Amino acid sequence: MTFLSDVFAQALNGLAYGVLLFLLSVGLTLIFGMLDVVNLAHGSFYMLGAYAGLTTIAMTGNYWLAMLVAPLAVGVIGALMERTCLRPLYRRSPLDQVLLTFGFIYLFEDLVKWIWGGKIRSITPPEAFSASVQVFGATVPSYRLFMIVFGLVMAVALWLLIERTRLGAIIRAGVFDAEMAAGMGVNIDLVFTGVFAFGAALGGLSGVIAGPIQSASPPMGAGILVPALIVVVVGGLGSLKGSLVGSLIIGQAETFGKAWLPGASMVIIYVVMALVVLLRPQGLFGRALK
Amino acid sequence: MIARLLGLGALVTAVVAFPAVAGAYPVKLLQEILIWGVFAMSLDLLLGYAGMVSFGHSAFFGIGGYVAALALKSSPGALSALVVPALVTALAALVIGLFSTRVSGVYFIMLTLAFSQMFYAYAFQVAWLGAEDGIIGVPRPTILGLNLGQATPFHLYLITLCALAMLLLWRVVRSPFGHVLRGIQENEGRMEAVGYAVRRYKLVAFVIAGTIGGVAGSLYTQLNLTISPDAFFWTTSGEALLMVIIGGTGTLWGAVLGAAAFILLQSLVSSYTERWMLILGATFILFVLFAPGGIVGALRRRARVRT
């Protein structure tokens, strides 16, 4: 393998990881923009999605069905969590909400251990994408190519949804000024629940997508949360564009770090984050800080 | 006042005399409560007084723990056990604080969290810190001619240091400096307008809290004779936050109560069931939802109802 094809293969790996981070961080960023909550349980949604997918596949043998069922199941859990626990806290300081979601990390992780056991489980990729393909002299698992295409399609779809539809306009109005939106006749309570459930569902979806390359285990939720938060810090809280650009940067930094600087690989993404915060505290595409 | 002093005296006597009446395991639990109590208390200085929600306090616990482990292995004395860990953590807190206090609110939460994870990642990866196993076989020091390898001198040493750290924090929050921190928590903009250098106050609070957190980490190494990367992991910060919230924020002694509740509950529950994390998570959620003032808040409400 030549140097260039090696670089190319790494870049594709980084892109696959990047779109995974994008699906996760976009939920985080939407929830924050709307509800002003940093949802620390977002990694738990990712974990729940992976396990829901695992069970669906075990029962039906159909990966595509898992991609549908898992987000729905996790979305319902998210909606319940918002309605019963987060809603009573909106009038309190945002800190209480952050801490509440922290409690849910323990709850969800132990529930998963209880139901599925603590062992590492793997999800087999769908039949159609189980082989590898040659691209520019590099051998790439075709599942990763599927992930990249799927992630980019999702990015475009989300952009269209938020910028070009009536529903998106309502969401943007809610992010900008929830009280005013409510005054204009928007049922803001419903929008809050909807956005939280939607973000949770995206987290669950990313768990299923990640399954075939990262395998499922109970601590996976607490593990992925930190890179996802870094993406949000780098891209800027509440910004869809920031979430996309941040994911791609962090995905590449992590992957190339692992390949070229194995001694310092885990630290690189933090260096990237520190640089961004130093030069632009609100993140690349974030609103200016108050 | 006199009743309070008497109560405090009785409590100290009970803690000091505890090994005379209890077995090795309860004594170890008490010592853990003291160390985590100091750690949670130092976090309460940030959370309950300056209004800074740090999810990265584990960085200082870990730094204190690792520095003590390395230093004690090369020379087991007071310098290695206390002075060097405290100085190194103070320096680390200064650097992290310079970055983190540039931002506030959720950005502060995420930045502190990321910094502590950076240390976790580093400690987990490099060989000179023992990678994922951490550092094991740390000797206990000899200080002022006392061999702390023995149980009784170690117990007294631990109590003395924890009491000093708590006293120091108590003095800090009651000083004019502490009142400025309270003011910042109430209304940062107004304090700025009145002419206080808010960022500098926050930085100093961050360094004080970090340094004491580092001392707690160093004591933790000396108690367990080992330290692993888990000390850095962000859930360590989260657990300290749990202790502060369960006990009651902005009260200092609530943090110690919270640490005691956390550790006793953990040892009690895990002897009956494996579902400790589930119960912990649920307890915590219930506290946030229904008892935001924590144990101290509930006690105070009851006291008010009676009078």
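Two residues are taken to be in contact if their C-beta atoms, placed from the backbone, lie within 7 Å. The views show a predicted model, in which local features need pLDDT of at least 70 and side-chain atom pairs count only at pLDDT 80 or more, while totals for chains, interfaces and linings use all residues. Residues are numbered from 1 along each chain as its sequence is written, and chains are lettered from A and ligands numbered from 1 in the order in which they are written.

**View 1. Surroundings of A:Gly251 in chain A.** A:Gly251 touches A:Gly14, A:Leu15, A:Tyr17, A:Gly18 and A:Leu21, with residues up to four places away in sequence left out of the count. The residue lies in helix 10 of chain A; helices (H or I, at least four residues) and strands (E, at least two) are DSSP runs, numbered from the N terminus. A:Gly251 is buried, having 25 other C-beta atoms within 10 Å. Here a residue is buried if 20 or more other C-beta atoms lie within 10 Å of its own, exposed if 12 or fewer, and partly exposed in between, with C-beta atoms placed from the backbone. Between A:Gly251 and A:Asn13 the C-alpha to C-alpha distance is 8.2 Å, although 238 residues separate them in sequence.

**View 2. Fold of chain A.** Chain A contains 11 helices and two strands, which follow the pattern α-α-α-α-β-β-α-α-α-α-α-α-α along the sequence. The radius of gyration of chain A is 19 Å, close to the 19 Å that the globule rule gives for 290 residues, so chain A is as compact as a globular protein of that length. The radius is taken over C-alpha atoms, and the rule is 2.2 Å times the number of residues to the power 0.38. Along the principal axes, the C-alpha atoms of chain A fill a box of roughly 60 × 50 × 35 Å. Of the 290 residues, 54% count as buried. Among contacts between residues at least 6 apart in sequence, 75% join residues at least 24 apart.

**View 3. Crossing of helix 5 and helix 6 in chain A.** The axes of helix 5 (residues 142-164) and helix 6 (residues 166-176) of chain A come within 5 Å and cross at roughly 75°. Axes are lines fitted to C-alpha atoms, for helices over the stretch in contact, and angles run from 0 to 180 degrees between N-to-C directions. The two helices of chain A are therefore roughly perpendicular to each other; angles under 35 degrees count as roughly parallel, over 145 as roughly antiparallel, 65 to 115 as roughly perpendicular and the rest as oblique. Helix 5 of chain A contributes A:Leu161, A:Ile162, A:Glu163 and A:Arg164, and helix 6 of chain A contributes A:Leu167, A:Gly168, A:Ile171 and A:Arg172. By class, the residues of this contact are four nonpolar, one polar and three charged. Ala, Val, Leu, Ile, Met, Phe, Trp, Tyr, Cys and Pro count as nonpolar, Asp, Glu, Lys and Arg as charged, and the others, Gly among them, as polar.

**View 4. Contact between chain A and chain B.** The contact takes 32 residues from chain A and 33 residues from chain B. On the side of chain A that touches chain B, the elements giving two or more residues are helix 4 (94-116), helix 9 (220-235) and helix 11 (265-279) of chain A. Helix 4 of chain A gives the most, with 14 residues. This side of chain A divides into 28 nonpolar, one polar and three charged residues.

**View 5. Packing of helix 11 of chain A.** The buried residues of helix 11 of chain A are A:Met266, A:Ile268, A:Ile269, A:Tyr270, A:Val272, A:Met273, A:Val276 and A:Val277. They pack against helix 9 and helix 10 (240-260) of chain A, together with helix 4 (78-100) and helix 5 (106-125) of chain B.

**View 6. Helix 2 and helix 9 in chain B.** Chain B has 13 helices and two strands. The axes of helix 2 (residues 24-50) and helix 9 (residues 198-224) of chain B come within 9 Å and cross at roughly 170°. These two helices of chain B are therefore roughly antiparallel to each other. Their contact includes B:Gln31 and B:Ile35 of helix 2 of chain B and B:Lys202 and B:Ala205 of helix 9 of chain B. By class, the contact has 16 nonpolar, three polar and one charged residues.
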